[in-house]
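Work through the exercises below with the structure open. Each task is followed by a solution in steps.

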Amino acid sequence: MKSILTGLLYLLSLKLSAQHKLPVINAHSKTARIYEAGNSMKAWGINPKIALDTYTSGKIRGKKYIKFKTDIDSISVKLKQGERFDFIVLLNGKDSCITRIQGREAKNYRNLKPEIADSVPFVVNKFNTNLVDVVLNNTDTLTMNFDTGATEFSLLGTVLEKKVKSKPELYNSFNEIKLGDRSYYSKIYDTQNVGDQADGLMGWDLFDGYIVQLNYDKNLMVIHSKLPKAVSHNRGFSKFKINYINNKPFIESKISQNGIENKNWFLFDLGYQSTVMLDRDLLKKNDFPADKMEVIKKVMLHGTQNNEIPVITANLEKLQLGTFLLRNIPAQLLGENKPMRGINIHILGNEILKRFHTFLDFQKDVVYLMPNESFNLDFTDRRKS
């Protein structure tokens with residue numbers, strides 16, 4: 001009872017103090033927008049019934065600008081990791097809504113003792129889906145698609161309804177996820193579409209602060225607390241800085257066609273089962289000769305919300321990742337129904353990425369790639385029947 005009373009008094013004092021000291025912006029509508037540098041616009045609901053309404057940013061490298069805009073007013077702030085900014089949204093001149101913009105906390109498990117190098121078996125099925133088994137809440141054994149194009153931990157609705165016995169509360173509470181010898185914790189969401197033969201998606205940020213090694217030759221996923229020295233000192237690896245867009249990891253790569261080169265950021269998407277997806281609008285903006293690419297086939301894909309995405313597969317002459325060059329890649333050309341609303345992006349998929357021995361360093365936000373035994377295998381759409 002004492003702790004509850006203390007909490008209520010704290011919230012009351014926060015509200016009273018905030019009304020006198022915090023910046024105030026005005027709103028007539030309960031719908032606002034949040035603009036975070038490098039991200040799509042996010043809709044935001046203004047609710048006077050919530051004591052402290054908090055927006056947490058995506059991963060921050062350095063500092064990031066975030067703008068909160070109502071129908072008649074706005075406020076901007078520049079935050080670094082872990083910083084927060086409180087202000088009041090005054091709705092219709094009478095309802096005070098205390099709002100917080102929170103910079104995502106930095107995570108780094110480099111100094112854990114003893115040092116962690118936890119090996120977990122995984123398989124890549126014929127659909128190029130990375131599959132790994134986990135135990136949810138010490139009850140449910142699930143097969144998850146490790147997908148760097150996803151965040152958090154999400155399960156198919158049918159799996160939640162028919163397979164999961166622990167009945168987790170969605171969206172709000174943290175749940176234990178046992179992977180190998182260690183437990184991780186995440187909120188759980190529902191989704192409509194995941195990789196073939198998977199119960200759900202396991203996003204990259206479950207491992208924020210760790211290093212994830214993917215050894216496709218040995219079918220081993222290793223979670224490290226510290227990057228092995230043999231990796232950073234090995235000149236056989238190419239090193240890529242991670243750029244987070246919509247809180248998802250992108251690396252810079254180069255494509256070439258008819259002597260025209262384009263360098264751009266590509267979503268590092270282990271959950272995308274094909275080779276490369278190229279956005280037509282982005283290609284056009286950069287004067288890339290997509291119309292000169294030989295058409296191989298036309299297909300219909302489905303997004304995570306089961307939305308239809310018409311795609312043309314055409315021959316891409318060159319794809320360069322660091323010092324490594326791939327030729328004649330059957331690439332997908334995307335025109336409508338973009339994977340990220342409001343942003344034109346290219347995607348690297350797992351039929352490309354599985355050809356590399358991979359270290360995803362989520363401490364320093366870099367990726368290390370080195371060709372493995374599959375590097376020179378034929379692409380699926382190039383294989384002779």
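At 0% relative accessibility, Phe356 counts as buried, where buried means under 20% relative accessible area, exposed over 50% and partly exposed in between (1.4 Å probe, protein chains only). The model is a predicted one, in which local features need pLDDT of at least 70 and side-chain atom pairs count only at pLDDT 80 or more, while totals for chains, interfaces and linings use all residues. Residues are numbered from 1 along each chain as its sequence is written, and side-chain values use heavy atoms, with hydrogens and water left out.

**Exercise 1. Aromatic pairs**

Task: Find how many aromatic pairs the whole structure holds, and classify the pair of Phe122 and Tyr216.

Solution. 
Step 1. The criterion comes first: rings of Phe, Tyr and Trp (its six-membered ring) pair if their centres lie within 6.5 Å; planes under 30 degrees apart count as stacked, over 60 as edge-to-face and the rest as tilted.
Step 2. A search of the whole structure gives 15 aromatic pairs.
Step 3. For Phe122 and Tyr216 the ring centres are 5.5 Å apart and the planes stand at 80°, so this pair is edge-to-face.
Step 4. Phe122 sits in the loop between strand E9 (117–121) and strand E10 (123–124), and Tyr216 in the loop between strand E18 (211–215) and strand E19 (220–224), so the pair ties together parts 94 residues apart in sequence. Helices (H or I, at least four residues) and strands (E, at least two) are DSSP runs, numbered from the N terminus.
Step 5. Both Phe122 and Tyr216 are buried.

Task: Classify the pair of Phe324 and Phe356.

Solution. 
Step 1. The distance is 5.9 Å centre to centre and the angle between the planes 45°, which is a tilted pair.
Step 2. Phe324 belongs to strand E27 (residues 324–334) and Phe356 to strand E29 (residues 356–361), so the pair connects parts that are 32 residues apart in sequence.
Step 3. Phe324 has a relative accessible area of 11% and is buried.

**Exercise 2. The surroundings of Arg355**

Task: Is Arg355 buried or exposed, and which backbone oxygens lie 2.7 Å from a polar atom of its side chain?

Solution. 
Step 1. Arg355 is located in the loop between helix H5 (350–353) and E29.
Step 2. With 2% relative accessibility, Arg355 is buried.
Step 3. A polar atom of the Arg355 side chain lies 2.7 Å from the backbone oxygen of Glu351. The backbone oxygen of Leu377 also lies 2.7 Å from a polar atom of this side chain.
Step 4. Beyond its neighbours within four places in sequence, Arg355 is in contact (heavy atoms within 4.5 Å) with residues including Met370, Asn372, Phe375, Leu377 and Phe379.

Methods
Polar contact = N/O pair within 3.5 Å; in protein donor to acceptor, adjacent residues only side chain to side chain.
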